Amino acid sequence: MDCPGSTSDTKMQMAAALLEKNQKHPCYSFDAHQKFARMHLPVAPYCNISCNYCNRKFDCVNESRPGVTSEILTPQAAKKKYDRVSATVEKLSVVGIAGPGDALADWENTRETIRLIREENPQIVFCLSTNGLLLPEYAQEIVELGVTHVTVTVNCLDPVIGAKVYKHINYKGQHYEGEAGVKILIENQLTGIQKLTSQGIVVKINIVMLKGINDLHIPEVVKKMKELGVYITNIMPLIPAPGSVFESFPQTTMKDVNEMRNSCELDVMQMRHCKQCRADAIGLLGADRSQEFRDNESPLTPLPASVEQGVQEKKMKVAVTSKQGKLVNLHFGHATEFLIYEIAGTGISLTETRQVDKYCLGMDDCEEEQLRREALIDTIADCDAVLTMRIGYHAQQKLLERGIVSVEYCDTVEQGLLFAQQQLS
C-alpha cells in the first residue's frame, strides 16, 4: 500500500488538477465546448514565421479561420473589452491569445494583457497559441504568469518536409529560408514543449494536414508528442486561404482527417470539435459573437521598440489599393489606380495617384493579357511594396520578380502603411 506523499498520491493529485483545469476549457474538453465560452484577444499582430497556408488579414468579418480578426488591441484596450464581454457573455471561462500573429512574437503585449486581466480575475483560465519558435525563451514566464494551457502548432519533425510548409523564419534578427530555418523551429518546439509539460502546463498540439506533404508523417509527429507528455492533439484540415501560397491547394477532406485522427488516437487523445476559430472569437465554439463587441476605435498595437528603432531611418515607397482613399479595401487585381505613398521614419506622405488597367479581367491568359499585366507592374516598378486587401499568389510572384513585396491588410490606409513599414523592416 502506498503511504501518504507517495508517488502514487502525487500522480493522483496531478490528474485531479489536470481534470479541473480542463473541465471549463471548451478546446480541451468536448463536454465543455457547448457549456463554457471563451474569448480571444487579438493583441499579437506580428509573426516570426511565414506558413504557406497562412494569410493574415484584418476586418474580414465573413471568414472564420486562424489569423483573421476585425481589430488589433493594445493590452489596455483588451482589458476594457474583457470587462465588457465578461459582463455580458455567460459562463466565460477562458481568455486566449491566438494572434492574429504569434503570441510570443509580441510577448510584451501578450504578457501585459494577461497581467492586467489576472489582477482582477484570478479565476479565469488563460491560454495562448504559438508556433513554438520562442517557447524555450518564454516557457518559464508563461508558467509564472499562471497560464495553464498552451497550444503549439507542430506540422512536422523533418526539415525536408517543413521546407515545403514554411516560406521563411525570422529568429534572433536572422532571416532563414528552407531547411536551415525549419530545423531551428523544430528544435525549439520540442525543447519548449518539454519545458511546459514538465511543469504541469496542459499542452495541445495543432497539426495542419496537408495531403501529399505532411499527411503520411503525422503519426510520427503524434508519437513524439506523446513522449513529450502532450495532453491532446488537434489534426486540422487545410483551409486554402486566398492570397496564400497554398490558395489553390485542395482543402483536406474531413474523411481523411477523421481517418488520421482514428489512427493517432491510439497514442494521444484527439480533438474532434475544433472550429478553427478567428483570432478575435467570442462565445461558444461554433457560435461566434465577436462582431457584437467590435470596437472600431481600438488603435493598432504600437510597434515594439526594437522594430521601431530599425525603421526610423528607412525610406520606402508603397503603392496602395483603395476604393475611396481611406481604407485598404480593394483587391490588387481590381485596382484601376494606385495611391503612391512615401514613408520616411515616422513621416508618411501621399505623393501621387497612378492610373492603370485592371490586372484581372477574367479572361484566359494570352499575349495581350500578359502585356497588360506587365504594363501595370511597370507603373509601380519604383515601389518597394504594394499594400492591398488581397492579392493572388501568382500576382505576388510577378511582383517579387521585380523586387516588389506584397502586403495584405484590411484597415485604414495609415494603419496599413505602418504595418507595411514593419513588415519590410
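This is a predicted model: local features need pLDDT of at least 70, side-chain atom pairs count only at pLDDT 80 or more; totals for chains, interfaces and linings use all residues.
This briefing walks through a few local features of the structure above.

Residues are numbered from 1 along each chain as its sequence is written, and side-chain values use heavy atoms, with hydrogens and water left out. Helices (H or I, at least four residues) and strands (E, at least two) are DSSP runs, numbered from the N terminus.

**Aromatic pairs**

- Rings of Phe, Tyr and Trp (its six-membered ring) pair if their centres lie within 6.5 Å; planes under 30 degrees apart count as stacked, over 60 as edge-to-face and the rest as tilted.
- By this rule the count comes to five aromatic pairs.
- One of them is Trp 107 with Tyr 138, stacked at 5.0 Å centre to centre with 25° between the planes.
- Trp 107 is buried because its relative accessible area is 4%, and Tyr 138 counts as buried at 16%.
- Phe 246 and Phe 249 make a tilted pair, 5.0 Å centre to centre and 35° between the planes.
- Here Phe 246 is buried at 8% relative accessibility, whereas Phe 249 is partly exposed at 21%.

- Ring pairs tie Phe 332, Phe 338 and Tyr 359 into a cluster.
- The charged end of Arg 373 sits over the Tyr 359 ring, 4.7 Å from its centre (the rule wants NZ of Lys or CZ of Arg within 6 Å of the ring centre and within 35 degrees of the ring normal).
- Phe 338 also stands opposite Arg 354 in S16.
- Strands S15 (residues 337-344) and S16 (residues 347-355) pair in the antiparallel sense over eight bridges; pairing takes at least two DSSP bridges.
- The two strands form a hairpin with two residues between them, and Gly 345 in the turn has a positive phi of about 65°.

**Two polar side chains**

- Thr 151 belongs to strand S7 (residues 149-153) and is buried, at 6% relative accessibility.
- Its side chain makes a polar contact with the side chain of Lys 204 at 3.2 Å; such a contact is a pair of N or O atoms within 3.5 Å, and within protein one must be able to donate a hydrogen and the other to accept it, with residues adjacent in sequence counting only if both atoms are side-chain atoms.
- Asp 384 lies in the loop between helix H10 (367-379) and strand S17 (385-388), and at 31% relative accessibility Asp 384 is partly exposed.
- The Asp 384 side chain reaches the backbone nitrogen of Lys 317 at 2.7 Å.
- The C-alpha atoms of Asp 384 and Met 316 are separated by 6.0 Å, although these residues are 68 apart along the chain.

Definitions and conventions. Buried means under 20% relative accessible area, exposed over 50%, partly exposed in between (1.4 Å probe, protein chains only).
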